[in-house]
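I opened the model and kept notes as I went. The entries follow the order in which I looked things up.

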Amino acid sequence: MTADPTARTTGPARFSEERSAEVVAASFAGTPDARLGEVMTALVRHLHAFVKDVEPTVDEWAAAIGFLTEVGTACTPVRQEFVLLSDVLGVSMLVETMNNRADRGTESTVEGPFHLVRSPARELGADIALDGKGEPCLVTGTVRGVDGTPVPGAAVDVWQANADGFYDVQQPEQQPEGNLRGLFTTDDEGRFWFRSIVPRYYPVPTDGPVGRLLQATGRHPNRPAHIHFDVRACGYRPLLTHLFVADTPYLDSDAVFGVKDSLVREFPTVDDPARAAEVGLPNPFRAVHFDVVLRPETPADGA
Ligand SMILES: [Fe+2]
(Lines give C-alpha, C1' and ligand atoms only; values in the text may rest on other atoms or scores of the structure.)
Protein backbone atom coordinates (compact mmCIF):
# COMPACT_ATOMS: atom_id res chain seq x y z
CA MET A 1 0.00 0.00 0.00
CA THR A 2 1.42 3.34 -1.00
CA ALA A 3 1.19 6.41 1.14
CA ASP A 4 -1.18 9.22 0.20
CA PRO A 5 1.17 11.85 -1.28
CA THR A 6 -1.22 14.66 -0.26
CA ALA A 7 -1.25 13.73 3.46
CA ARG A 8 0.90 15.89 5.74
CA THR A 9 2.48 13.81 8.44
CA THR A 10 5.03 16.24 9.76
CA GLY A 11 3.26 19.58 9.61
CA PRO A 12 5.06 22.21 11.65
CA ALA A 13 1.96 23.78 13.19
CA ARG A 14 -0.57 20.97 13.67
CA PHE A 15 -2.32 21.24 17.03
CA SER A 16 -2.14 18.23 19.34
CA GLU A 17 -2.46 17.71 23.08
CA GLU A 18 1.26 17.14 23.36
CA ARG A 19 2.32 20.11 21.20
CA SER A 20 -0.47 22.54 22.10
CA ALA A 21 1.68 25.14 23.85
CA GLU A 22 4.40 25.02 21.22
CA VAL A 23 1.91 25.40 18.35
CA VAL A 24 -0.09 28.23 19.92
CA ALA A 25 3.04 30.06 21.08
CA ALA A 26 4.37 29.90 17.50
CA SER A 27 1.28 31.76 16.32
CA PHE A 28 2.59 34.83 18.17
CA ALA A 29 6.00 34.68 16.48
CA GLY A 30 5.18 37.63 14.24
CA THR A 31 4.12 39.99 17.04
CA PRO A 32 5.62 43.39 16.13
CA ASP A 33 6.03 44.44 19.78
CA ALA A 34 8.80 42.18 21.09
CA ARG A 35 7.70 42.50 24.72
CA LEU A 36 4.09 41.61 23.87
CA GLY A 37 5.33 38.60 21.94
CA GLU A 38 7.44 37.51 24.92
CA VAL A 39 4.52 37.93 27.33
CA MET A 40 2.03 36.04 25.14
CA THR A 41 4.47 33.18 24.54
CA ALA A 42 5.06 32.81 28.29
CA LEU A 43 1.34 33.10 29.01
CA VAL A 44 0.53 30.30 26.57
CA ARG A 45 3.30 28.09 27.93
CA HIS A 46 2.17 28.48 31.57
CA LEU A 47 -1.56 28.41 30.85
CA HIS A 48 -1.33 25.21 28.85
CA ALA A 49 0.83 23.62 31.54
CA PHE A 50 -1.80 24.63 34.12
CA VAL A 51 -4.63 23.11 32.06
CA LYS A 52 -2.66 19.90 31.51
CA ASP A 53 -1.96 19.73 35.24
CA VAL A 54 -5.59 20.28 36.29
CA GLU A 55 -7.31 18.49 33.36
CA PRO A 56 -10.58 20.42 33.76
CA THR A 57 -13.83 18.98 32.47
CA VAL A 58 -15.66 21.07 29.90
CA ASP A 59 -18.11 22.15 32.63
CA GLU A 60 -15.26 23.14 34.96
CA TRP A 61 -13.64 25.27 32.25
CA ALA A 62 -16.99 26.94 31.55
CA ALA A 63 -17.32 27.62 35.31
CA ALA A 64 -13.85 29.18 35.33
CA ILE A 65 -14.76 31.48 32.45
CA GLY A 66 -18.07 32.27 34.19
CA PHE A 67 -16.15 33.24 37.34
CA LEU A 68 -13.83 35.59 35.46
CA THR A 69 -16.84 37.09 33.68
CA GLU A 70 -18.45 37.77 37.06
CA VAL A 71 -15.24 39.38 38.31
CA GLY A 72 -15.36 41.73 35.34
CA THR A 73 -19.02 42.63 35.69
CA ALA A 74 -18.53 43.30 39.43
CA CYS A 75 -16.14 46.16 38.60
CA THR A 76 -17.45 49.73 38.87
CA PRO A 77 -15.73 53.12 39.10
CA VAL A 78 -15.54 52.66 42.89
CA ARG A 79 -14.95 48.92 42.99
CA GLN A 80 -12.16 46.94 41.32
CA GLU A 81 -12.86 43.22 41.68
CA PHE A 82 -9.98 42.23 39.36
CA VAL A 83 -7.52 44.11 41.58
CA LEU A 84 -9.02 42.27 44.54
CA LEU A 85 -8.58 38.93 42.74
CA SER A 86 -4.96 39.83 42.01
CA ASP A 87 -4.56 40.84 45.66
CA VAL A 88 -5.94 37.65 47.25
CA LEU A 89 -3.86 35.51 44.85
CA GLY A 90 -0.75 37.34 46.05
CA VAL A 91 0.07 38.59 42.55
CA SER A 92 -0.31 42.29 43.38
CA MET A 93 2.16 41.87 46.20
CA LEU A 94 4.56 39.84 44.03
CA VAL A 95 4.59 42.49 41.30
CA GLU A 96 5.01 45.26 43.87
CA THR A 97 7.87 43.44 45.59
CA MET A 98 9.71 42.55 42.37
CA ASN A 99 9.54 46.17 41.23
CA ASN A 100 10.87 47.51 44.52
CA ARG A 101 13.78 45.26 45.39
CA ALA A 102 15.13 47.65 47.96
CA ASP A 103 18.21 46.98 49.98
CA ARG A 104 17.86 50.58 51.10
CA GLY A 105 14.84 52.68 51.78
CA THR A 106 11.44 51.95 53.26
CA GLU A 107 9.80 48.81 51.91
CA SER A 108 6.69 49.15 49.77
CA THR A 109 3.42 47.26 49.81
CA VAL A 110 0.14 47.15 47.89
CA GLU A 111 -1.88 50.31 47.29
CA GLY A 112 -5.17 48.59 48.08
CA PRO A 113 -8.58 49.47 46.66
CA PHE A 114 -9.55 52.39 48.90
CA HIS A 115 -7.38 55.24 47.61
CA LEU A 116 -10.34 56.33 45.55
CA VAL A 117 -10.42 60.03 46.26
CA ARG A 118 -7.83 62.74 46.57
CA SER A 119 -6.89 63.22 50.19
CA PRO A 120 -7.64 66.77 51.34
CA ALA A 121 -4.56 68.93 51.92
CA ARG A 122 -4.12 69.57 55.65
CA GLU A 123 -1.77 71.52 57.90
CA LEU A 124 0.84 69.61 59.89
CA GLY A 125 -0.69 68.59 63.22
CA ALA A 126 -4.25 68.49 61.86
CA ASP A 127 -6.70 65.90 63.17
CA ILE A 128 -7.86 63.66 60.33
CA ALA A 129 -10.47 61.95 62.56
CA LEU A 130 -13.22 64.36 61.51
CA ASP A 131 -15.92 62.57 63.48
CA GLY A 132 -13.82 62.27 66.63
CA LYS A 133 -14.62 58.56 66.99
CA GLY A 134 -11.94 56.08 68.04
CA GLU A 135 -8.85 55.89 70.21
CA PRO A 136 -6.83 59.11 69.73
CA CYS A 137 -3.39 58.65 68.24
CA LEU A 138 -0.46 60.91 67.35
CA VAL A 139 1.47 59.93 64.21
CA THR A 140 4.95 61.41 63.73
CA GLY A 141 7.85 60.77 61.40
CA THR A 142 10.55 62.18 59.18
CA VAL A 143 11.10 61.68 55.45
CA ARG A 144 14.76 61.23 54.52
CA GLY A 145 16.86 60.13 51.59
CA VAL A 146 18.98 56.98 51.83
CA ASP A 147 21.96 59.10 52.91
CA GLY A 148 19.96 60.40 55.87
CA THR A 149 19.29 63.84 54.39
CA PRO A 150 15.87 65.17 55.48
CA VAL A 151 13.45 65.82 52.62
CA PRO A 152 11.54 69.10 53.12
CA GLY A 153 8.42 69.66 51.05
CA ALA A 154 7.67 65.95 50.56
CA ALA A 155 3.99 65.10 49.96
CA VAL A 156 2.78 62.59 52.56
CA ASP A 157 -0.66 61.24 51.63
CA VAL A 158 -2.29 59.07 54.32
CA TRP A 159 -5.58 57.19 54.49
CA GLN A 160 -6.91 54.62 56.92
CA ALA A 161 -9.97 52.75 58.14
CA ASN A 162 -11.87 53.90 61.22
CA ALA A 163 -12.20 52.14 64.58
CA ASP A 164 -14.90 49.89 63.07
CA GLY A 165 -12.73 48.88 60.10
CA PHE A 166 -14.39 50.97 57.38
CA TYR A 167 -13.08 53.67 55.02
CA ASP A 168 -15.11 56.84 54.49
CA VAL A 169 -15.98 55.81 50.92
CA GLN A 170 -17.60 52.64 52.25
CA GLN A 171 -19.82 54.54 54.68
CA PRO A 172 -20.85 57.78 52.99
CA GLU A 173 -23.92 57.96 55.25
CA GLN A 174 -22.01 57.44 58.50
CA GLN A 175 -18.61 59.10 57.96
CA PRO A 176 -17.87 62.66 56.85
CA GLU A 177 -16.25 62.96 53.42
CA GLY A 178 -12.48 62.92 53.72
CA ASN A 179 -12.60 61.28 57.15
CA LEU A 180 -9.26 59.72 58.07
CA ARG A 181 -7.51 61.03 54.97
CA GLY A 182 -4.93 63.79 54.73
CA LEU A 183 -2.28 65.15 52.40
CA PHE A 184 0.56 66.70 54.38
CA THR A 185 3.75 68.48 53.37
CA THR A 186 6.91 67.86 55.38
CA ASP A 187 8.49 70.87 57.12
CA ASP A 188 12.02 72.27 56.66
CA GLU A 189 13.46 69.31 58.58
CA GLY A 190 11.50 66.69 56.62
CA ARG A 191 9.11 66.09 59.51
CA PHE A 192 5.39 65.30 59.42
CA TRP A 193 2.91 64.84 62.23
CA PHE A 194 -0.83 64.57 62.50
CA ARG A 195 -3.57 63.46 64.85
CA SER A 196 -5.78 60.46 64.07
CA ILE A 197 -7.22 57.35 65.72
CA VAL A 198 -5.93 53.79 65.90
CA PRO A 199 -7.34 51.96 62.84
CA ARG A 200 -8.99 48.56 63.10
CA TYR A 201 -8.45 45.46 61.00
CA TYR A 202 -11.07 44.97 58.28
CA PRO A 203 -12.31 42.45 55.73
CA VAL A 204 -11.80 42.98 52.01
CA PRO A 205 -15.16 43.17 50.19
CA THR A 206 -16.80 39.73 50.39
CA ASP A 207 -20.09 40.33 48.57
CA GLY A 208 -18.70 39.51 45.10
CA PRO A 209 -17.12 36.55 43.29
CA VAL A 210 -13.76 36.97 45.04
CA GLY A 211 -15.52 36.83 48.42
CA ARG A 212 -17.23 33.61 47.36
CA LEU A 213 -13.86 32.20 46.29
CA LEU A 214 -12.41 32.97 49.74
CA GLN A 215 -15.39 31.34 51.42
CA ALA A 216 -15.26 28.26 49.17
CA THR A 217 -11.58 27.79 49.99
CA GLY A 218 -11.93 28.33 53.74
CA ARG A 219 -9.90 31.56 53.76
CA HIS A 220 -10.74 34.53 55.98
CA PRO A 221 -11.00 37.94 54.26
CA ASN A 222 -9.31 40.11 56.88
CA ARG A 223 -6.44 42.56 56.67
CA PRO A 224 -4.44 43.58 59.77
CA ALA A 225 -4.89 47.19 60.97
CA HIS A 226 -2.77 49.68 59.03
CA ILE A 227 -2.37 53.25 57.84
CA HIS A 228 -1.64 53.77 54.13
CA PHE A 229 1.19 56.08 53.07
CA ASP A 230 1.91 57.47 49.60
CA VAL A 231 5.08 59.58 49.86
CA ARG A 232 6.43 61.63 46.96
CA ALA A 233 9.22 64.17 46.56
CA CYS A 234 11.15 65.63 43.64
CA GLY A 235 14.21 63.54 42.76
CA TYR A 236 13.03 60.46 44.70
CA ARG A 237 11.13 57.30 43.81
CA PRO A 238 7.48 57.48 44.92
CA LEU A 239 6.73 55.14 47.82
CA LEU A 240 3.45 53.31 48.41
CA THR A 241 3.44 51.54 51.74
CA HIS A 242 1.57 50.76 54.98
CA LEU A 243 2.30 51.31 58.64
CA PHE A 244 0.99 48.22 60.47
CA VAL A 245 -0.22 48.22 64.08
CA ALA A 246 1.94 45.75 66.04
CA ASP A 247 -0.84 44.29 68.22
CA THR A 248 -3.48 43.87 65.48
CA PRO A 249 -5.04 40.51 64.66
CA TYR A 250 -4.23 38.95 61.26
CA LEU A 251 -0.67 40.26 61.09
CA ASP A 252 0.42 36.73 60.18
CA SER A 253 -2.43 35.97 57.78
CA ASP A 254 -3.16 39.15 55.78
CA ALA A 255 -5.73 38.23 53.11
CA VAL A 256 -3.66 40.11 50.50
CA PHE A 257 -0.18 39.13 51.83
CA GLY A 258 0.84 42.79 52.29
CA VAL A 259 2.72 42.59 55.61
CA LYS A 260 6.47 43.14 55.78
CA ASP A 261 8.14 42.97 59.18
CA SER A 262 9.93 46.28 58.64
CA LEU A 263 6.59 48.09 58.41
CA VAL A 264 5.19 46.96 61.79
CA ARG A 265 5.29 49.50 64.63
CA GLU A 266 4.19 49.57 68.26
CA PHE A 267 1.50 52.13 69.12
CA PRO A 268 2.31 52.65 72.83
CA THR A 269 -0.03 54.51 75.18
CA VAL A 270 1.32 57.89 76.33
CA ASP A 271 0.08 59.05 79.75
CA ASP A 272 1.46 62.59 79.90
CA PRO A 273 -1.06 65.43 80.39
CA ALA A 274 1.47 68.11 79.38
CA ARG A 275 2.36 66.33 76.13
CA ALA A 276 -1.34 65.64 75.45
CA ALA A 277 -2.11 69.35 75.82
CA GLU A 278 0.84 70.24 73.61
CA VAL A 279 -0.34 68.07 70.72
CA GLY A 280 -4.06 68.72 71.26
CA LEU A 281 -5.17 65.22 72.25
CA PRO A 282 -6.97 63.93 75.35
CA ASN A 283 -4.77 62.18 77.89
CA PRO A 284 -3.85 59.33 77.64
CA PHE A 285 -3.36 58.80 73.92
CA ARG A 286 -1.58 56.34 71.62
CA ALA A 287 1.47 57.37 69.61
CA VAL A 288 3.45 55.93 66.72
CA HIS A 289 6.61 57.07 64.99
CA PHE A 290 7.23 56.07 61.37
CA ASP A 291 10.33 57.33 59.59
CA VAL A 292 10.27 57.04 55.82
CA VAL A 293 13.35 56.61 53.65
CA LEU A 294 12.97 57.39 49.94
CA ARG A 295 15.25 55.95 47.29
CA PRO A 296 16.68 58.22 44.61
CA GLU A 297 14.81 58.44 41.34
CA THR A 298 16.27 56.38 38.52
CA PRO A 299 16.06 57.16 34.78
CA ALA A 300 13.51 54.32 34.43
CA ASP A 301 11.14 56.09 36.85
CA GLY A 302 10.74 58.95 34.44
CA ALA A 303 10.15 56.68 31.42
FE1 LIG B 1 -6.27 49.52 53.72
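How many Å separate the centres of domain 1 and domain 2, taken over C-alpha atoms? I read 39 Å. Domain 1 covers residues 18-55 and domain 2 covers residues 85-302. I note here that this is a predicted model.

**Entry: strand β1**

I went to β1, residues 136-145, and asked how many of its 10 residues are buried. The count is eight, and I put the strand down as mostly covered.

Next I looked up its partners. β1 runs antiparallel to β4 (residues 191-197), joined by seven bridges. Within that pairing, T142 has R191 as its bridge partner. In β12, V292 is the residue opposite V143.

**Entry: strand β7**

Why did I mark β7 as largely enclosed by the rest of the structure? Five of the seven residues in this strand, 226-232, are buried, so I wrote it down that way.

Which strands pair with it? β2 (residues 155-160) does, antiparallel and over six bridges; W159 has H228 as its bridge partner in β7. β8 (residues 239-245) does too, antiparallel and over six bridges. In that pair I found I227 opposite L243. β7 and β8 make a hairpin with six residues between them. I checked the turn and found a positive phi of about 90 degrees at G235.

**Entry: the UniProt record**

I looked up what UniProt lists for residues 139-167. The entry is unreviewed and gives "domain: Intradiol ring-cleavage dioxygenases" for that span. In the model the span is 0% helix and 45% strand, and its end C-alpha atoms lie 18 Å apart.

**Entry: helix α4**

Which residues of α4 (residues 81-88) are buried? I listed E81, L84, D87 and V88. They sit on the same side of α4, because they cover an arc of only 110 degrees around the axis. I then looked for what covers these buried residues, and found that the cover includes α3 (58-73), α5 (91-98) and α6 (209-216). After the helix comes G90, which has a positive phi near 80 degrees.

**Entry: the nonpolar cores**

How many residues are in the largest nonpolar core? It has 34, and those with the most contacts inside it are C137, V143, V156, F229, V231, V292 and L294. I checked which elements give two or more residues to this core, and they are β1, β2, β4, β7, β8 and β12. Apart from it there is another core, of eight residues, with V88, V110, V204 and V256 among them.

Last, I took C137 and asked what it is in contact with, leaving aside neighbours within four places in sequence. The list is S196, I197, V198, F267, F285, R286, A287 and V288.

**Entry: cross-check**

V143, which stands opposite V292 of β12, is listed with V292 among the residues with the most contacts inside the largest core. V88 is a buried residue of α4 and belongs to the core of eight residues.

Technical notes
Residues numbered from 1 in each chain as written. Predicted model: local features only at pLDDT ≥ 70, side-chain atom pairs only at ≥ 80, totals over all residues. Domains from an automatic or database assignment. Buried ≥ 20, exposed ≤ 12 C-beta atoms within 10 Å, placed from the backbone. Helix = DSSP H or I, 4+ residues; strand = E, 2+ residues; numbered from the N terminus. Pairing = 2+ DSSP bridges. UniProt positions renumbered as here; feature names shortened; annotations may be inferred. Arc of directions from axis to C-beta. Contact = placed C-beta atoms within 7 Å. Core = buried A, V, L, I, M, F, W, Y, C linked by C-beta atoms within 7 Å.
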